[in-house]
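Visitor: I would like to go through this structure and ask what stands behind each label. Please show it first.

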Amino acid sequence: MNIKPIVISLSLLLVGGSAFADDDCDDPVAGWQPRENLRKQLEAEGWTVFRIKVDDGCYEVKGRDPNGDRVEAEYSPATFELMEIEREDDDDDDDDHRGKSRNDSEPTNAERVPRKGIVKGRPSVTVE
Amino acid sequence: MKKFLFALGLTTAMALPAYAQAREVTFTTQLSDYGGDGAYLALYLTDDDGKYHGTLWIAGEKSKYYKHLRDWARGSGLSQAEYDGLTGASVTSGRTLKVTLELEDALIDSGYQVRVDTSVEDMRDNRADVVAPLTTEGSGKTVSGRGYVHSFVYTLK
């Protein structure tokens with residue numbers, strides 16, 4: 001029996017934690033700057049900061065950017081380098097009236113966009 | 001004998017696409033009482049090396065969090081074409097998600113695995129919380145999860 005693929009996949013599973021974590025931050029905690037510094041820096045750039053929390057080793061900022069758009073951005077905690085930024089206009093918490101992205105996952109739209117996949121049609125799903 | 005098997009394998013491989021028939025499969029995933037927010041789950045198929053093959057279901061409505069379903073995210077490239085029409089609500093602690101869908105017969109007993117990646121906000125991400133080979137024999141056999149999944153079972157119809 002050829003166990004090579006099994007060994008490889010098992011070892012990938014083990015090293016996976018760090019090796020594939022692409023947009024995580026891995027600054028050593030000792031080098032982190034206080035999150036208040038990030039808040040001040042962003043506010044100086046015209047941001048409104050709602051919240052800063054730690055996620056995947058990054059500072060995750062929720063707020064409004066200088067253009068007034070709701071954003072969620074991730075910064076490296078040591079250098080305040082921008083890792084990722086996302087506009088939150090698909091966030092159905094606060095702008096439900098658009099309702100666009102929410103409708104994308106409705107069953108009625110399942111056939112609208114051609115999906116390449118292994119599942120035929122629309123699955124039936126229940127949560128008990 | 002070897003030649004016979006090879007020939008058999010070859011003819012089966014050639015014949016299968018022609019007779020591609022769908023099979024109804026129900027995947028039942030019961031979550032443990034991990035006591036956090038609703039969990040995001042990715043149910044997907046991989047080959048026996050863990051290489052992504054296709055998406056079955058994504059529980060969790062905000063695509064911006066899909067990257068936390070890590071192995072699935074890497075395999076699918078987070079491409080919307082991979083999961084369009086296959087998403088729904090996240091699953092709360094202790095509850096059971098039942099997904100029934102039609103799968104090509106050719107995917108069963110062909111070395112594919114069902115995998116479940118899970119993630120909960122402010123808690124750790126579990127890649128391959130569940131790994132179960134997709135076989136006729138495995139149908140109805142309960143598998144334990146490593147993370148937020150308490151138990152997982154699929155049944156072939």
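Guide: Helices (H or I, at least four residues) and strands (E, at least two) are DSSP runs, numbered from the N terminus. On that basis chain B has three helices and nine strands. The model is predicted, so local features need pLDDT of at least 70 and side-chain atom pairs count only at pLDDT 80 or more, while totals for chains, interfaces and linings use all residues. Residues are numbered from 1 along each chain as its sequence is written, and chains are lettered from A and ligands numbered from 1 in the order in which they are written.

Visitor: In what pattern do the elements of chain B follow each other along the sequence?

Guide: The pattern reads α-β-β-β-α-α-β-β-β-β-β-β.

Visitor: What makes E6 and E7 of chain B a pair?

Guide: Two strands pair if DSSP finds at least two bridges between them. Strand E6 (residues 113–119) and E7 of chain B share six bridges, in the antiparallel sense; the pair therefore meets the requirement of at least two. Within it, B:Thr118 stands opposite B:Asn126.

Visitor: Which sheet holds that pair, and which are its edge strands?

Guide: It is an open sheet of five strands in chain B, in the order E4-E3-E2-E6-E7, with mixed pairing. Its edge strands are E4 (87–88) and E7 (125–133), since each pairs on one side only.

Visitor: Which five strands form the open sheet that has antiparallel pairing?

Guide: The order is E5(A)-E5(B)-E1(B)-E9(B)-E8(B). E5 of chain A and strand E8 (143–144) of chain B are the edge strands.

Visitor: How do you know that E5 of chain A pairs with E5 of chain B?

Guide: Six bridges join strand E5 (residues 119–127) of chain A to E5(B), and the two run antiparallel. The definition asks for at least two bridges, so they count as a pair. A:Ser124 stands opposite B:Thr100, and A:Val127 stands opposite B:Leu97.

Visitor: How many residues of each chain take part in the contact?

Guide: Two residues are in contact if their C-beta atoms, placed from the backbone, lie within 7 Å. Chain B contributes 36 residues and chain A 25 residues. On the side of chain B, E5(B) gives the largest share, nine residues. That side divides into 14 nonpolar, nine polar and 13 charged residues. Here Ala, Val, Leu, Ile, Met, Phe, Trp, Tyr, Cys and Pro count as nonpolar, Asp, Glu, Lys and Arg as charged, and the others, Gly among them, as polar.

Visitor: Why is B:Leu69 called buried?

Guide: A residue is buried if 20 or more other C-beta atoms lie within 10 Å of its own, exposed if 12 or fewer, and partly exposed in between; C-beta atoms are placed from the backbone. B:Leu69 has 28 C-beta neighbours inside 10 Å, so it counts as buried. B:Leu69 is placed in the loop between strand E3 (52–59) and helix H2 (70–76) of chain B. Leaving out residues up to four places away in sequence, B:Leu69 touches B:Tyr40, B:Ala42, B:Asp117 and B:Ser119. The C-alpha atoms of B:Leu69 and B:Val116 are separated by 8.7 Å, although the two are 47 residues apart along the chain. Of the 157 residues in chain B, 40% are buried.

Visitor: Why are A:Phe80 and B:Asp109 called partly exposed?

Guide: A:Phe80 has 14 C-beta neighbours inside 10 Å, so it falls in the partly exposed class. B:Asp109 has 14 C-beta neighbours inside 10 Å and therefore counts as partly exposed too. A:Phe80 lies in the loop between strand E3 (70–75) and strand E4 (82–87) of chain A, and B:Asp109 in the loop between E5 and E6 of chain B.

Visitor: What is the phi of each of these two?

Guide: Most residues other than glycine have a negative phi, and most peptide bonds are trans. A:Phe80, not a glycine, has a positive phi of about 60°. For B:Asp109, phi is near 60°, again a positive value in a residue other than glycine.

Visitor: What makes a set of residues a nonpolar core?

Guide: It is a set of buried Ala, Val, Leu, Ile, Met, Phe, Trp, Tyr and Cys residues joined through C-beta atoms within 7 Å. The largest has 37 residues, and B:Leu41, B:Ala42, B:Leu43 and B:Leu56 have the most contacts inside it. E2(B) supplies the largest share of this core, six residues. B:Leu43 touches, among others, B:Phe27, B:Leu56 and B:Val99, not counting residues up to four places away in sequence.
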